[in-house]
Amino acid sequence: MKYDISITKTTNPAARPTDESKLGFGKIFTDHMFLMDYAADRGWYNARIVPFGPIPTHPASTVFHYGAEIFEGMKAYRAADGTIRLFRPLENVRRLNQSAERLCLPTIDEEGCLDILNQLVELERDWVPHSEGTSLYLRPFLYGNDPHLGVHAVSNAVFAVICSPVGAYYATGLNPVSIAIESEDVRAVRGGTGYAKCGGNYAASLRAGKRAEEKGYNQVLWLDGVERKYIEEVGAMNVMFKIDGKIVTPALTGSVLPGITRKSAIELLRSWGYDVEERLFSVEELFDALENGRLEEAWGTGTAAVVSPIGHLFYNGKEYTVSDNKIGPLTQRLYDELTAIQWGRAEDPFGWSVKVCHG
Ligand code: PLP
Ligand code: COI
């Protein structure tokens with residue numbers, strides 16, 4: 001079911017960035033955004049693409065007080081055949097709805113949501129950057145918007161999508177990142193909201209992230225919230241380790257975000273004949289493999305981070321080096337093959353890359 005989308009174009013388009021090497025991540029926004037309102041007695045209504053700008057919001061709105069907010073992250077790519085493409089967009093829509101269900105926010109029709117994304121990307125297609133490694137990042141978000149202070153599942157909500165031309169998420173590009181394993185704060189526990197992509201998970205992560213950055217690390221690696229023993233995920237990516245030729249990645253226990261890049265990497269690795277174990281993986285097991293020279297490679301996966309090699313791990317006052325702080329051969333292959341599918345440079349045997357329009 002498609003929503004009836006009205007389009008109001010800007011009369012004051014912004015200049016597009018000329019130096020794509022300086023895009024960074026999420027600093028510049030396109031000319032238009034999508035907005036749609038929800039009321040329990042009406043369903044979703046007033047679907048509209050409007051000029052990008054502030055969203056007037058009631059000061060008592062649920063989102064300000066109780067953090068009822070979920071989001072997604074996906075990218076539109078300028079492909080080799082001149083088309084603009086999305087990567088597995090239905091997976092993002094389904095995860096958005098899973099997150100919505102956890103936070104008692106209204107869900108969105110899958111076909112309708114894909115149509116919203118397509119119409120917005122098509123309108124903003126000239127904003128999809130051209131240089132290698134760049135894309136148009138889409139940030140769909142959905143929040144509770146009841147104008148009163150009672151703590152209840154909401155009756156009013158807003159769904160919005162904004163777009164940002166981006167380069168690499170990490171300033172280091174494809175060079176290995178340094179990660180600090182966090183042993184004090186926790187991000188999520190089973191039964192909580194860890195598997196949902198909600199703003200509150202990220203708010204809870206900021207203190208540890210700040211401490212890690214002050215020590216020179218890019219991000220935090222979270223341990224499970226109960227025993228502080230099992231590896232979960234990194235701030236903005238899932239993690240994978242190559243040990244004795246096999247791949248190990250933390251299982252989706254409920255406190256880990258079910259990453260779409262994770263899922264795709266697992267499917268690619270299995271199609272290449274690798275054994276991929278999704279299981280509980282303790283920090284002792286990781287350091288045992290590291291100290292005995294059995295840890296061959298470690299990397300993170302995510303929409304923003306793509307495939308990021310991990311070069312250093314910090315834990316309990318000590319720093320360890322992985323793969324001589326160089327990108328390992330399997331990490332490189334994964335990066336190359338995944339990005340070749342995303343940018344339409346290679347066969348797409350899985351049908352992951354979905355055409356939106358001509359560029
Ligand atoms: N884990 C966290 C906490 C994230 O923020 C992200 C990014 O979206 C991921 C994992 C990777 O998920 P995906 O591959 O769907 O982008
Ligand atoms: C993404 O990879 O899309 C993310 O959402 C990660 C981060 C920027 C929060």
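First, a working rule: a charge counts as sitting over a ring if NZ of Lys or CZ of Arg is within 6 Å of the ring centre and within 35 degrees of the ring normal. Keep in mind as we go that this is a predicted model. With that rule in hand, look at R16: its charged end sits over the ring of W127, 6.0 Å from the centre. Another arginine to look at is R333, which lies over the face of W272 at 3.8 Å from the ring centre.

Now for rings meeting rings. A pair of aromatic rings is described by the distance of the centres and the angle of the planes. Counting pairs whose centres lie within 6.5 Å, you get 16 aromatic pairs here. F25 belongs to the loop between strand 1 (6–7) and strand 2 (32–39), while Y169 belongs to the loop between strand 8 and strand 9 (177–181), so the pair ties together parts that are 144 residues apart in sequence.

Y217 and F314 are both buried.

Back to F25 and Y169 for a moment: together with Y137 and Y170 they form one aromatic cluster.

Next, follow helix 6 (residues 283–291). Its buried residues include V283, L286, F287, A289 and L290. Why do these five belong on the same side of helix 6? They cover an arc of only 155° around the axis. After helix 6 comes G293, with a positive phi, near 70°.

Finally, step outside. Y66, L149 and V151 make a nonpolar surface patch of about 310 Å². V151 lies in the loop between strand 7 (135–144) and strand 8 (156–166). Is V151 buried or exposed? With a relative accessible area of 62%, V151 is exposed, because anything over 50% counts as such.

Note on methods:
Residues are numbered from 1 along each chain as its sequence is written. Chains are lettered from A and ligands numbered from 1 in the order in which they are written. This is a predicted model: local features need pLDDT of at least 70, side-chain atom pairs count only at pLDDT 80 or more; totals for chains, interfaces and linings use all residues. Side-chain values use heavy atoms; hydrogens and water are left out. Patches are made of residues with over 30% relative accessible area and no salt bridge: like charges are joined within 9 Å, nonpolar side chains (Val, Leu, Ile, Met, Phe, Trp, Tyr) within 5 Å. Accessible areas come from the Shrake-Rupley method with a 1.4 Å probe; for residues, only the protein chains shown count as cover. A salt bridge is a side-chain nitrogen of Lys or Arg within 4 Å of a carboxyl oxygen of Asp or Glu. Helices (H or I, at least four residues) and strands (E, at least two) are DSSP runs, numbered from the N terminus. Buried means under 20% relative accessible area, exposed over 50%, partly exposed in between (1.4 Å probe, protein chains only). Rings of Phe, Tyr and Trp (its six-membered ring) pair if their centres lie within 6.5 Å; planes under 30 degrees apart count as stacked, over 60 as edge-to-face and the rest as tilted. The arc is that of the directions from the helix axis to the C-beta atoms.
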